[in-house]
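Trainee: I am new to this structure and would like to go through it step by step. Please show it first.

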Amino acid sequence: AMPITVMDAMAMARPVVVSDVGDMPNWIKQDLNGWVANYVTVDSINHTLRLAWERKENWEAMGKESFAIFHRDFPEQPVEYF
């Protein structure tokens, strides 16, 4: 399970901050194309957002990696695939 907004962000070449829930850690790799909060708590999300902000100079490159992962791994014919 994963929100469609994660796929949308990746397709638009954006780094993504997600929680360690469902399939999100399969698509978002820590410090490669985004950040994964270990827990769905205020402290964990705050910590993860702080990490993302500290790496803001890398957002463009990380977004490009999101785009590459999306195009490599998302099925070409999603309606048929799913």
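Trainee: Which residues form the largest nonpolar core?

Mentor: This is a predicted model, in which local features need pLDDT of at least 70, side-chain atom pairs count only at pLDDT 80 or more, and totals for chains, interfaces and linings use all residues. Residues are numbered from 1 along each chain as its sequence is written, and side-chain values use heavy atoms, with hydrogens and water left out. A nonpolar core is a set of buried Ala, Val, Leu, Ile, Met, Phe, Trp, Tyr and Cys residues joined through side-chain atoms within 4.5 Å, where buried means under 20% relative accessible area, exposed over 50% and partly exposed in between (1.4 Å probe, protein chains only). The largest such core has twelve residues: Val6, Met7, Ala9, Met10, Val16, Val18, Met24, Trp27, Ile28, Val36, Ile69 and Phe70.

Trainee: Which element gives the most residues to this core?

Mentor: Helices (H or I, at least four residues) and strands (E, at least two) are DSSP runs, numbered from the N terminus. At least two residues of the core come from each of helix H1 (4-11), strand E1 (16-19), helix H2 (24-27) and helix H4 (59-73). The top contributor, with four residues, is H1.

Trainee: What pattern does the protein follow along the sequence?

Mentor: There are five helices and two strands in the protein. Read along the sequence, they follow the pattern α-β-α-β-α-α-α.

Trainee: Which residues does Val6 touch, not counting residues up to four places away in sequence?

Mentor: Val6 is one of the twelve residues of the largest nonpolar core. Contact means heavy atoms within 4.5 Å. With residues up to four places away in sequence not counted, Val6 touches Val16, Val18, Met24 and Ile28.

Trainee: Is Ile28 buried or exposed?

Mentor: Ile28 lies in the loop between H2 and E2. Not counting residues up to four places away in sequence, Ile28 touches Val6, Met10, Val16, Val18, Asn33, Gly34, Trp35 and Val36. The C-alpha atoms of Ile28 and Phe67 are 39 residues apart along the chain and separated by 11 Å. At 1% relative accessibility, Ile28 counts as buried.

Trainee: What is the relative accessible area of Ser19?

Mentor: Ser19 is found in strand E1. Leaving aside neighbours within four places in sequence, Ser19 is in contact with Met24, Pro25, Val36, Ala37 and Val40. Ser19 counts as buried because its relative accessible area is 16%.

Trainee: Which residues is Val21 in contact with, leaving aside its neighbours within four places in sequence?

Mentor: Val21 is found in the loop between E1 and H2 and counts as partly exposed, at 40% relative accessibility. Its C-alpha atom and that of Ile45, 24 residues apart along the chain, are separated by 13 Å. Leaving aside neighbours within four places in sequence, the contacts of Val21 are Ala1 and Val40.

Trainee: What is phi of Ala13 near?

Mentor: Ala13 sits in the loop between H1 and E1. Ala13 is partly exposed, with a relative accessible area of 25%. Its phi has a positive value in a residue other than glycine, near 60 degrees.

Trainee: Where is Asp31 found?

Mentor: Phi of Asp31 is near 65 degrees, a positive value in a residue other than glycine. At 38% relative accessibility, Asp31 counts as partly exposed. Asp31 is found in the loop between H2 and strand E2 (34-37).

Trainee: How many Å separate the C-alpha atoms of Glu57 and Phe70?

Mentor: Glu57 is in the loop between helix H3 (42-54) and H4. Glu57 is exposed, with a relative accessible area of 58%. Along the chain Glu57 and Phe70 are 13 residues apart, and their C-alpha atoms are separated by 22 Å.

Trainee: What radius of gyration does the protein have?

Mentor: The radius of gyration is taken over C-alpha atoms, and the globule rule is 2.2 Å times the number of residues to the power 0.38. The C-alpha trace spans about 40 × 25 × 15 Å along its principal axes. With 82 residues, a compact globule would have a radius near 12 Å, which agrees with the value for the protein, 13 Å.

Trainee: What percentage of the 82 residues is buried?

Mentor: The cut-off for buried is under 20% relative accessible area. Of the 82 residues in the protein, buried residues make up 29%.
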